[in-house]
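Please work through the exercises below with the sequence and coordinates at hand. Each task is followed by a solution in steps.

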Amino acid sequence: MEERRYCSPDKVYVSVKALFYPDGGFKPTSLIWDDGCEYAIDKVTDIRRAASLKAGGTGIRYTCRIGNKTVYLFLEEDRWFMERGRG
Amino acid sequence: MKERVILHSDLNNFYASVECLHRPEIRDKPVAVCGDPLLRHGIVLAKNYPAKATGIQTGEAIWQAQQKCPGLVVLPPNFGLYLRFARLAREIYASYTDQVEPFGLDEAWLDVTGSCHVCGDGQEIADRIRTRVKEELGVTASVGVSYNKIFAKLGSDMKKPDATTVITSEDFRSMVWPLPAGDLLYVGRATKRKLAARGIVSIGDIAVTDPAWLRSLLGKWGEVLWSFANGFDDSPVIRMGEESQIKSVGNSITTPRDLETDEDVEMTFYVLSESVAERMREHGFKCRTAQIYIRDTNLFSISAQGKFLRPTQLSADLAEKAMSLFRAHYVWENPIRSLGVKGTDLVAADSCEQLFLFEDEERRRKQEKIEAAVDGLRHRFGHFSIQRALLLQDQKLGAINPKEDHVIHPVAFFKEGGLP
């Protein structure tokens, strides 16, 4: 059954570039924020399923180092989102 | 035998919680998820705690709820989303045991007896599940821990939200027996009234009553309730993937407008029969008995059933049988609000069959091929790509798509439909 999507001002859907490994699995390498700027992900420090109360949703949460900042990147079904105000 | 460790997990205010997670702006407001009033499903399906505090109850009409709480945020249900969350919750349960038996979308029993030496005792596992549900899904769960399914379920109702309640074989008398009889599974309104008239108001009252006397009052359910109240329930938690066999295939619907004539009823029966027949074909069944269910605008309901001469999976057979049952059992006094059709007494579709001397067998086979072709067309091009001409007479009634509109079915505790 089709599920309806919600949009919340604190939920920012982003484009993500990822590297897919030959033995399966992948890691996000950079993301494109809603203003068009691309940010390289230096390191993924944690991967777990988690809910985002701020943005409203749940998914696989990638904790990413971008420069000197730590941000959360969520993979919800087939879309990536981030929480506004953290990135 | 070693005592079992059974958990019952209940996702609190499930639909409303999932909605509130996705809409941060309404989290602190009273929220109710309601069916579509235009389709006459306009009742409260779920509400959050602020809405509950104003006295709103599940099953109330939207206008009643709004009277109690003028600022109520009314949301339409998003069943696709709830199904995903239910699946995610089951994935969490599945990491502790393979015996997970869902009870509706938001509840499930878990038998963790075998995992206790690895994952800790019942309470520890329950607490861990609650933490994970909260962190991973963003909603809360109440978990009851006990040595049988009935007490585990009662436990999950005792403390809400986000709490664990343990009921042991030592303390169940002090924890369970003071509860009102109506809290026990299968004590509905009618049973509650019958019991109350005889001074039986609490679960403890049921437990100390002579089971033979309860049987004379309530039939075989009397003894079942007595054994529930005493903690003798030993029904197993069904293993995943071992869901019970299908006993019947049915569909019912509250129609978009009241039905007033035989033609209206016939049209609705055809819509329902088509979906029932399609689902029977999907699962490889034929039915030997048809059952209908009628509910009028006064909410008075009757059901009737009739046997077929031979097993069938043809929608025309079902609809004709439904119509003849209807004519035999319903007297038009009030318009009709809901109708249902069910095929029961199922047999495998490819089992041997007695042919008839005076019926055109060739024609029947062709009929079956046509219906299979219709299934194929609908699968590829959508439900409304092909329709009976009959259904074009009324836009509203013809536009019902019972197969895809109904994903969430009510459930029964005894999966085989019988007693343990």
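This is a predicted model: local features need pLDDT of at least 70, side-chain atom pairs count only at pLDDT 80 or more; totals for chains, interfaces and linings use all residues.

Residues are numbered from 1 along each chain as its sequence is written, and chains are lettered from A and ligands numbered from 1 in the order in which they are written.

**Exercise 1.** Determine how many residues of chain A are in contact with chain B, and describe the side of chain A that touches chain B.

Solution. Contact requires that the C-beta atoms of two residues, placed from the backbone, lie within 7 Å. By this criterion, 14 residues of chain A are in contact with 15 residues of chain B. The largest share, three residues, comes from E4(A). Finally, classify the residues: Ala, Val, Leu, Ile, Met, Phe, Trp, Tyr, Cys and Pro count as nonpolar, Asp, Glu, Lys and Arg as charged, and the others, Gly among them, as polar. The side of chain A that touches chain B divides into five nonpolar, four polar and five charged residues.

**Exercise 2.** Characterise the packing of H13(B) against helix H14 (residues 315-329) of chain B.

Solution. Two packed helices are described by the angle between their axes and the distance between the axes. Axes are lines fitted to C-alpha atoms, for helices over the stretch in contact, and angles run from 0 to 180 degrees between N-to-C directions. The axes of H13(B) and H14(B) come within 8 Å and cross at roughly 140 degrees. Angles under 35 degrees count as roughly parallel, over 145 as roughly antiparallel, 65 to 115 as roughly perpendicular and the rest as oblique. H13(B) is therefore oblique to H14(B). The residues of this contact include B:Phe269 and B:Tyr270 of H13(B) and B:Leu318 and B:Phe326 of H14(B). By class, the contact has ten nonpolar, two polar and two charged residues.

**Exercise 3.** Describe how helix H4 (residues 79-94) of chain B packs against helix H6 (residues 122-137) and helix H1 (14-22) of the chain.

Solution. Take H6(B) to begin: H4(B) and H6(B) pack at an angle of about 140 degrees, with their axes 10 Å apart. H4(B) is therefore oblique to H6(B). Among the residues in contact are B:Phe85 and B:Leu88 of H4(B) and B:Ile129 and B:Arg132 of H6(B). This contact divides into eight nonpolar, no polar and two charged residues.

Turn now to H1(B), whose axis comes within 10 Å of that of H4(B) and crosses it at roughly 100 degrees. The two helices are therefore roughly perpendicular. B:Phe14, B:Tyr15 and B:Val18 in H1(B) meet B:Leu81, B:Tyr82 and B:Phe85 in H4(B). The contact has six nonpolar, no polar and no charged residues.

**Exercise 4.** Locate B:Asn13 and B:Pro161 and state the backbone feature of each.

Solution. B:Asn13 lies in the loop between strand E1 (6-11) and helix H1 (14-22) of chain B. B:Asn13 has a positive phi of about 45 degrees although it is not a glycine. B:Pro161 lies in the loop between helix H7 (149-158) and strand E8 (164-166) of chain B. A cis peptide bond joins B:Lys160 and B:Pro161, with omega about -15 degrees.

Definitions and conventions:
Helices (H or I, at least four residues) and strands (E, at least two) are DSSP runs, numbered from the N terminus.
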